[in-house]
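I am opening my notebook on a new structure. I will look things up one by one and write down what I find.

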Amino acid sequence: MCTLALLGTAISVGGALMQGAQQQQLANYQAKAYEQQAQAEAQSAAFEQRQERRKQDLLEAQARAQAGASGVGIAGSPTEVLAANARQGQVDLDAIQYGSKIRQNNLNTQAAISRFQGKQAMTTSIFKAGGSLIDGLSGLYDPAKSVTFGGSSLSPRASRAIIGGYTGLY
């Protein structure tokens, strides 16, 4: 009976610890996935910025060509238009970068939260295992079978007989 109770306690403790370790491992995998998404977001934003820059360069070249073909000089209002277009193009590039940074920060925050939840799951499982261990060991204690110190579990008559040197049956 005692061996089965100890075995049950050991299984319960081991199960609690295993569950926490698995939850922590899952949370770490999830965190890694979030970090990979953040990295992919950064790469995607860099690609999008390059595409936008090419588009702006092409539009600027077309505007210069049109101005030159019409016989208008590049000085004066065409220069101002080109400069305004360049400023707006930079604002568009900055907006792409800003949006990407926000999405990356959100994904990195999710990764940190996932790791924290994994650590919390592991800590919880340790406490659960400790509780199972205490419950299991306390269930093994039987006051009727316990040894007492300072007193005798013998009957008063048997105690007197032993003290008095009685060696026969009582």
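Entry 1: a residue and its partner. I began with Glu35, which is partly exposed, with a relative accessible area of 33%. The model I am reading is predicted. I then looked for the partner of Glu35. The side chain of Glu35 meets that of Arg115 in a salt bridge, at 2.8 Å from N to O. Glu35 lies in helix H1 and Arg115 in helix H2, so this pair ties together parts that are 80 residues apart in sequence. Arg115 is partly exposed, at 30% relative accessible area.

Entry 2: the other salt bridges. How many salt bridges does the structure hold? I found three. Another one joins Arg103 and Glu41, with the closest N and O atoms 3.0 Å apart. Arg103 sits in helix H2 and Glu41 in helix H1, so the pair ties together parts that are 62 residues apart in sequence. Is Glu41 buried or exposed? I noted Glu41 as buried, because its relative accessibility is 15% and buried means under 20%. Arg103 counts as partly exposed, at 39%.

I also looked up Glu52 and Lys55. Their salt bridge has its closest N and O atoms 3.8 Å apart. Both are in helix H1, three residues apart, so about one helical turn separates them. Glu52 is buried at 15% relative accessible area, whereas Lys55 is partly exposed at 46%.

Entry 3: the whole chain. I stepped back to see the elements. The chain has three helices and zero strands. From the N terminus on, I read α-α-α. Helix H1 covers 2-69 and helix H2 covers 77-140. I also looked up burial. Of the 170 residues, 19% count as buried.

Entry 4: the largest pocket. How much space lies in the largest pocket? I noted about 220 Å³. I counted 13 lining residues, and the closest to the pocket centre are Gln56, Leu59, Asn85, Ala86 and Gly89. H1 and H2 each supply at least two residues of the lining. The largest share, seven residues, comes from H1. I sorted the lining by class: three nonpolar, four polar and six charged residues.

Entry 5: a surface patch. I finished at the surface. Leu4, Leu7 and Ile11 form a nonpolar patch there. Together they have about 340 Å² of accessible area. I picked out Leu4, which is in helix H1. Leu4 counts as exposed because its relative accessibility is 62%, and exposed means over 50%.

Conventions
Residues are numbered from 1 along each chain as its sequence is written. This is a predicted model: local features need pLDDT of at least 70, side-chain atom pairs count only at pLDDT 80 or more; totals for chains, interfaces and linings use all residues. Side-chain values use heavy atoms; hydrogens and water are left out. On a 1 Å grid over the protein atoms alone, a cavity is a set of points where a 1.4 Å probe fits but cannot get out, and a pocket is an open set with protein on both sides within 12 Å along at least five of seven lines; lining residues have an atom within 4 Å of a point. Grid points are joined across faces, edges and corners, and a volume is the space filled by probe spheres set on the points. Helices (H or I, at least four residues) and strands (E, at least two) are DSSP runs, numbered from the N terminus. Ala, Val, Leu, Ile, Met, Phe, Trp, Tyr, Cys and Pro count as nonpolar, Asp, Glu, Lys and Arg as charged, and the others, Gly among them, as polar. Patches are made of residues with over 30% relative accessible area and no salt bridge: like charges are joined within 9 Å, nonpolar side chains (Val, Leu, Ile, Met, Phe, Trp, Tyr) within 5 Å. Accessible areas come from the Shrake-Rupley method with a 1.4 Å probe; for residues, only the protein chains shown count as cover. A salt bridge is a side-chain nitrogen of Lys or Arg within 4 Å of a carboxyl oxygen of Asp or Glu. Buried means under 20% relative accessible area, exposed over 50%, partly exposed in between (1.4 Å probe, protein chains only).
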